[in-house]
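Hello,

Here is the structure I promised to pass on. Please open it alongside this message; my notes follow below.

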Amino acid sequence: MYDINEWRHAFKLDPNKYISDEDLEKICESGTDALIIGGTDGITLENVLDLMARVRRYTVPCILEISTIESVTPGFDLYFIPSVLNSTEVKWITGLHHEAVKEYGDIMNWEEILVQGYCILNDECKAASVTAANTDLTADDVRAYAMMAEKMLHLPIFYLEYSGKYGDPAIVKEVKETLETTALFYGGGIQSAQQAKEMAAYADVVVVGNIIYSDLKAALQTVEAVR
Ligand SMILES: CC(C)=CCC/C(C)=C/CC/C(C)=C/CC/C(C)=C/CC/C(C)=C/CC/C(C)=C/CC/C(C)=C/COP(=O)(O)OP(=O)(O)O
Ligand SMILES: O=P(O)(O)OC[C@@H](O)CO
Ligand SMILES: [Mg+2]
């Protein structure tokens, strides 16, 4: 199922973190709509290839969320390209993207590439510090980024990122009410089925990451919770 508009749930697997074959099988067979392979640091071609080879035994759609150009490899169903709309450095909004497209644009298969407009709201997460994101935002600021993503930039995905911290459902609700066509992804700090359900009441797609590595059972319970 490569149509993101039909998704409700995704697991995000970090190539820089260890997961056993047994746990990986449970994730892949969980009924989630997609696996997103991505992380902020320590992402290498070697660990991406290793994880890709292991998940490719299963039928679940598998997406590479590109965080370094060196780790891009053929073999995924889709490629997500993050652009951090609230970064204070142009490099994370369009800079690295310009360099990559200048070099590889003519051989890129644009049909399999989706750009994500990120808005990072947890000032303590790695993604916020790496991209120097301005996380000191009001709900109106966040809504404006969502509107820019949809109405100005025509992006298919707006990603509310609280990585490592459970976010504010009221902001997720407001953003959802702002968007008409762009899909709203929510990710960050989901540790229970109840939290997944709460965010899924507003977000189109709920992304579950770190809890996979600390409490697999709770992670698996989030899949059914969003249906
Ligand atoms: C198929 C094929 C071979 C194609 C070749 C063509 C090609 C090379 C295409 C790529 C073109 C392109 C435009 C690439 C973009 C280049 C790039 C590097 C863009 C920057 C991306 C970016 C903004 C990265 C910053 C970090 C970030 C937002 C990562 C997203 C994932 C994320 C937030 C993970 C969460 O990590 P976190 O939770 O903070 O970390 P921990 O859990 O470890 O704490
Ligand atoms: O790891 P957690 O906190 O679940 O966040 C998921 C995802 O949004 C990270 O990019
Ligand atoms: Mg993570």
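**Helix contacts**

Asp-21, Leu-24 and Cys-28 of α1 touch Leu-51, Arg-54 and Val-55 of α2. Sorted by class, this α1–α2 contact holds four nonpolar residues, two charged ones and no polar ones. One caution before you read on: the model is predicted.

Helix α1 covers residues 21-28 and helix α2 covers residues 45-55. Their axes lie 10 Å apart, and the packing angle is about 65°. The α1–α2 crossing is right-handed.

Now the other helix pair. Helix α5 spans residues 139-152, and helix α6 spans residues 169-178. The axes of α5 and α6 come within 9 Å. They cross at roughly 35°. The crossing of α5 with α6 is right-handed.

Which residues form this contact? From α5 come Ala-139, Val-142, Arg-143, Ala-146, Met-147 and Glu-150. From α6 come Ile-171, Glu-174, Val-175 and Thr-178. The α5–α6 contact has six nonpolar residues, three charged and one polar.

**Ligand 1**

Ligand 1 has 30 residues around it. Those that come nearest are Thr-40, Glu-65, Lys-126, Ser-163 and Asn-210.

- Thr-40: a polar side-chain atom sits 2.7 Å from an oxygen atom of ligand 1.
- Asn-210: a polar side-chain atom sits 3.2 Å from an oxygen atom of ligand 1.
- Asp-14: a side-chain N or O atom sits 3.4 Å from an oxygen atom of ligand 1.

How much of ligand 1 does the protein cover? On its own, ligand 1 has 1100 Å² of accessible area, and the protein covers 91% of that.

Helix α3 gives the most, with five residues. By class, the ligand 1 shell has 16 nonpolar residues, seven polar and seven charged.

**Ligand 2**

Which residues surround ligand 2? They are Lys-12, Tyr-159, Glu-161, Ser-163, Gly-164, Gly-187, Gly-188, Gly-189, Val-207, Gly-209 and Asn-210.

- Glu-161: a side-chain N or O atom is 2.5 Å from an oxygen atom of ligand 2.
- Lys-12: a side-chain N or O atom is 2.7 Å from an oxygen atom of ligand 2.
- Gly-209: a backbone N or O atom is 2.9 Å from an oxygen atom of ligand 2.

The protein covers 92% of the 300 Å² of accessible area that ligand 2 has on its own. The shell around ligand 2 divides into seven polar residues, two nonpolar and two charged.

Best wishes

Technical notes. Residues numbered from 1 in each chain as written. Chains lettered and ligands numbered in written order. Predicted model: local features only at pLDDT ≥ 70, side-chain atom pairs only at ≥ 80, totals over all residues. Heavy atoms only, no water. Near = heavy atom within 4 Å. Polar contact = N/O pair within 3.5 Å; in protein donor to acceptor, adjacent residues only side chain to side chain. Areas by Shrake-Rupley, 256 points an atom, 1.4 Å probe, with all protein chains shown as cover. Helix = DSSP H or I, 4+ residues; strand = E, 2+ residues; numbered from the N terminus. Nonpolar A, V, L, I, M, F, W, Y, C, P; charged D, E, K, R; others polar. Axes fitted to C-alpha atoms, helices over the stretch in contact; angles between N-to-C directions. Left-handed = near helix turned anticlockwise from the far one by under 90°. Contact = heavy atoms within 4.5 Å.
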